[in-house]
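Visitor: I should like to examine this model by asking on what grounds each description rests. May we look at it together?

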Amino acid sequence: MENVKLGLKENWKQFTLLVIINGFVGGMVGLERSILPKVAEAEFGIAAKTAILSFIAVFGVVKAISNYYAGALANKTGRKKLLTLGWIFAIPVPFILMFADNWNWIIAANIFLGINQGLAWSSTVVMKIDLVGEKNRGLAMGLNESAGYVAVALVAMLTGFIASNYGIRPYPFYIGIGLIALGLFSSVFLIKDTKHHVAKETAKSNFPRLKNIFADTTLFNKNLSSITQAGVVNNLNDGMMWGLFPILLSARNFTLAEIGIITAIYPGVWGFGQLVTGRLGDMFHKKRILFLGMLLQAAALLGLFWSDLYAEFVIYSIILGAGTALVYPNFMAAIADFTHPTDRPKSIGVFRLWRDMGYAIGAILTGFIADYLGSEYAILIIGGLTLISALIIQFRMAGK
């Protein structure tokens with residue numbers, strides 16, 4: 001342990017590998033991002049929004065639970081083993097998406113995808129925080145989340161292009177086979193566990209331990225619980241954008257290629273933006289960053305309610321991506337700031353449990369609203385909830 005050093009510069013090789021691997025992890029979500037709602041309508045004849053969004057609800061619940069166990073088991077099992085296991089669970093996903101003959105198989109694919117995302121993404125998050133130590137957590141999370149969501153955007157755009165030129169299935173999902181092969185190989189043969197880095201930081205930390213990690217992160221610690229509720233709302237509106245936005249754009253008679261571009265802009269800005277916003281979290285108080293990010297998200301969603309033109313959808317997608325970029329890396333960096341190194345993996349796991357439950361809540365809630373009031377009103381109501389979330393950060397979280 002004497003030779004172990006904390007810092008981004010000191011651990012750049014392993015850090016860079018983890019960034020690349022998280023790009024592969026994000027690409028697995030991009031497989032579905034722009035075309036799966038269209039698959040539901042075109043190939044399975046599913047019209048009800050709640051039924052279409054069921055795959056996101058299942059994905060969100062499974063990923064949330066996997067996040068929790070990834071955090072709870074990180075110290076016992078080791079980060080590398082959890083990362084590798086996450087890739088093993090991804091193996092069936094592209095094959096099911098290519099050959100499923102009923103919607104239940106699509107749901108099954110999203111169970112495997114949720115486990116993959118919960119274990120693999122959580123592992124890369126915790127390992128990067130382990131490597132860099134206290135100084136550059138925001139930057140580390142910015143790079144991690146940027147890689148993941150840039151990959152989401154690129155693969156979403158690519159699958160939209162392939163679907164519009166060669167058909168919705170099976171060709172767009174071939175990409176997933178390559179991502180799994182690269183991710184699994186890298187995780188098994190190139191990545192080293194970070195347990196010694198955790199031990200070194202723990203020996204120096206004077207931060208108080210949490211009495212009840214689950215309860216404090218969820219509700220009782222004002223800082224941790226304020227971050228957690230914002231995470232839930234962030235993924236609630238992201239779940240809506242994932243499942244409902246392509247349907248709304250299709251109803252406005254945009255082509256598959258145009259839908260692919262618009263749906264890729266939001267995660268693209270989100271992804272690339274985190275290269276800057278993570279570093280901002282190291283420079284300024286994270287409360288300011290989180291409040292501004294949630295406020296921008298609310299403004300964009302409320303703007304989408306009145307949008308009709310292609311240019312308007314593009315502009316508000318950019319604003320929404322910018323707001324999400326501000327909060328996403330700084331959620332987990334802030335959780336790390338307010339926890340002891342020993343408590344950190346489990347606290348991050350609890351945060352990610354609730355945050356990704358937002359996918360399920362968003363899919364069910366927006367599907368219900370869309371079926372009974374229309375897709376536009378779902379966007380309006382979720383925009384209002386996002387504004388409330390910003391105000392909770394402003395008035396409950398400590399600092400300025």
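Visitor: Which residues does M28 touch, not counting residues up to four places away in sequence?

Guide: This is a predicted model. In it, M28 touches W87, A90, V93, P94, L113, N116, Q117, G176, L179 and I180, with residues up to four places away in sequence left out. M28 is also one of the three residues, with W87 and F331, that touch the most other members of the largest nonpolar core, a set of 104 residues. Helix α7 (residues 103-132) gives the most to this core, namely 12 residues. A second, separate core has 6 residues, among them V62, A70, A74 and I115.

Visitor: Why is Q229 called buried?

Guide: Q229 has a relative accessibility of 17%, and buried means under 20%; Q229 therefore counts as buried. Its place is in helix α12 (residues 222-243).

Visitor: What joins the side chains of Q229 and S389, and what makes it a polar contact?

Guide: The side chains of Q229 and S389 are joined at 3.0 Å, and the cut-off for a pair of N or O atoms is 3.5 Å. The pair thus qualifies as a polar contact. Leaving aside neighbours within four places in sequence, Q229 is in contact with I392 and I393 as well as S389.

Visitor: How do you know that the length of α12 agrees with its number of residues?

Guide: At 1.5 Å a residue, the 22 residues of α12 should span 32 Å, and the end C-alpha atoms are 32 Å apart, so the two values agree. The expected span takes 1.5 Å times one less than the number of residues.

Visitor: Why is α12 described as largely enclosed by the rest of the structure?

Guide: Of the 22 residues of α12, 21 are buried, and α12 is therefore largely enclosed by the rest of the structure. At the start of α12, a side-chain oxygen of N221 reaches to within 3.1 Å of the backbone nitrogen of N223.

Visitor: What makes D356 a buried residue?

Guide: The relative accessibility of D356 is 0%, and the cut-off for buried is under 20%, so D356 counts as buried. D356 has its place in helix α17 (residues 344-373). A polar contact of 3.3 Å joins its side chain to that of R355. Beyond neighbours within four places in sequence, D356 is in contact with G60, K63, A64, N67, N235 and Y328.

Visitor: Why is S54 called partly exposed?

Guide: S54 has a relative accessible area of 22%. Buried would require under 20% and exposed over 50%, so S54 is partly exposed. S54 lies in helix α4 (residues 54-77) and touches W103 and I107, residues up to four places away in sequence not being counted. S54 and I107 are 53 residues apart in sequence, while their C-alpha atoms are 7.5 Å apart in space.

Visitor: What sets N253 apart in its backbone, and is N253 buried or exposed?

Guide: N253 has a positive phi of about 70° although it is not a glycine. N253 is found in the loop between α13 and α14. Its relative accessibility is 68%; exposed means over 50%, and N253 therefore counts as exposed.

Visitor: What kind of peptide bond joins R169 and P170?

Guide: The bond is a cis peptide bond, with omega about 0°. P170 lies in the loop between α8 (137-166) and α9 (174-189).

Visitor: How many cavities of 30 Å³ or more does the structure hold, and which residues line the largest cavity?

Guide: The structure holds 3 such cavities, and the largest cavity has a volume of about 60 Å³. S34, P37, K38, E41, P246, I247, S250, L256 and I259 line the largest cavity. At least two residues of that lining are supplied by each of α2 (36-44), α13 (245-251) and α14 (256-283).

Technical notes:
Residues numbered from 1 in each chain as written. Predicted model: local features only at pLDDT ≥ 70, side-chain atom pairs only at ≥ 80, totals over all residues. Heavy atoms only, no water. Helix = DSSP H or I, 4+ residues; strand = E, 2+ residues; numbered from the N terminus. Buried < 20%, exposed > 50% of the residue type's maximum accessible area, 1.4 Å probe, protein only. Polar contact = N/O pair within 3.5 Å; in protein donor to acceptor, adjacent residues only side chain to side chain. Contact = heavy atoms within 4.5 Å. Core = buried A, V, L, I, M, F, W, Y, C linked by side-chain atoms within 4.5 Å. 1 Å grid on protein atoms, 1.4 Å probe; cavity = no way out; pocket = protein on both sides within 12 Å on 5 of 7 lines; lining within 4 Å. Points joined across faces, edges and corners; volume = space filled by probe spheres on them.
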